[in-house]
Amino acid sequence: MSSNEHKSGFVAIIGRPNVGKSTLLNRIVKQKIAIMSDKAQTTRNKIQGVYTTDDAQIIFIDTPGIHKPKHRLGDFMVETAYSALREVDATLFMVSAEQPRGRGDDFIIERLKNSQTPVYLLINKIDTIHPDKLLPIIEDYKEQMDFAEIIPISATEGNNVDNLLSILENKMPEGPQYYPADQVTDHPEYFIASELIREKVLLLTHEEVPHSVAVVIEDMRRDENDKIHIHATIVVERSSQKGILIGKGGKMMKDIGIKSRKDIENLLGNKVYLELWVKVKKNWRDKQSSLQDYGYRDMDY
């Protein structure tokens, strides 16, 4: 490929909650930029991951899982997922090999049938099923819609991900390199720092603190020794959740802080001093002003 034939484009990753979209994005960019949790609807905003080779640059948009909204935050997440489809060169529709096709998948397929751009079906988690079970899954989805291609992968193990990337690279239109080669996401550092803290809250508190958690970075600055000072507030909806987050003798808060700091240091490549506070704001997920305060405004990409 000659140097004047550089290709670039935008690709949306879409699918039901918990099928492995964030895992795939992290594997593609070889860094942790999307948070992972075994709870559904972990991703709330569109997260862009940038994949760069000598000849091409692909910007991946990991969308929130499409689900039936129960509150305003849910409405925002679903709308965010659909808006991503209007601005891309290709769409990856991801399903899990472990789960039979359900109403949620059919709901997404109906929307994708109107897509002006190619839709690739990714059957993820193939490492968890017997190979004989794969063909019936492929045949079943083939009957639902005419996909540009069906690609079985394992985002966790990496099976077939390189093949997926080369297929996409070939299909991208000619275009410029939008981001520097070493940049893996377009999100500001404070956004990813807040997401990594939120991930640790979900990981360590399990079912006790559901998705009524937001993390706000109040302050983030470097000192003269290049150490990064971060002051963050964890917002919950009930006083009982605040008690769980702080933990006996402050132990839970300390664990969240230690694990978050480690991930943020890996991401930023600097020493981090992290100070965490917990605040109760009742029913923030249903208040438009709170959603905007905590970063869930319609981001203009």
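Predicted model: local features only at pLDDT ≥ 70, side-chain atom pairs only at ≥ 80, totals over all residues.
**Overall composition**

The chain has 301 residues, of which 51% count as buried. Its secondary structure comprises nine helices and nine strands. Taking contacts between residues at least 6 apart in sequence, 72% join residues at least 24 apart.

**Two helix pairs**

Two packed helices are described by the angle between their axes and the distance between the axes. The table gives these values for two pairs.

| Helix pair | Residues | Angle | Axis distance |
|---|---|---|---|
| α1 and α5 | 21-29 and 161-171 | about 80 degrees | 11 Å |
| α7 and α8 | 239-246 and 251-268 | roughly 65 degrees | within 4 Å |

Helices α1 and α5 pack at about 80 degrees, which makes α1 roughly perpendicular to α5. On the α1 side the contact involves Leu24, Arg27 and Ile28, and on the α5 side Val161, Leu164 and Leu165. By class, these residues are five nonpolar, no polar and one charged.

Helices α7 and α8 cross at roughly 65 degrees. Angles of 65 to 115 degrees count as roughly perpendicular, and α7 and α8 are therefore described in that way. Helix α7 contributes Ile244, Leu245 and Ile246 to the contact, while α8 contributes Lys251, Met252, Met253 and Ile256. The contact of α7 with α8 divides into six nonpolar, no polar and one charged residues.

**Helix α4**

Helix α4 spans residues 134-144, and its buried residues are Leu134, Ile137, Ile138 and Tyr141. Viewed down the axis of α4, these buried residues fall within an arc of 100 degrees, so they line one face of the helix. The face turned away from that buried side carries Leu135 and Glu143, both exposed. The elements covering the buried residues of α4 include the strands β4 (90-96), β5 (119-124) and β6 (149-152), together with helix α3 (103-112).

**Helix α6**

Helix α6 runs over residues 189-205 and has 17 residues. From its first C-alpha to its last, α6 reaches 25 Å, close to the 24 Å expected at 1.5 Å a residue. Of the 17 residues of α6, 13 are buried, so this helix is largely enclosed by the rest of the structure. Just after α6 comes His206, with a positive phi of about 50 degrees.

Definitions and conventions. Residues numbered from 1 in each chain as written. Heavy atoms only, no water. Axes fitted to C-alpha atoms, helices over the stretch in contact; angles between N-to-C directions. Helix = DSSP H or I, 4+ residues; strand = E, 2+ residues; numbered from the N terminus. Parallel < 35°, antiparallel > 145°, perpendicular 65-115°, else oblique. Contact = heavy atoms within 4.5 Å. Nonpolar A, V, L, I, M, F, W, Y, C, P; charged D, E, K, R; others polar. Expected span 1.5 Å × (residues − 1). Buried < 20%, exposed > 50% of the residue type's maximum accessible area, 1.4 Å probe, protein only. Arc of directions from axis to C-beta.
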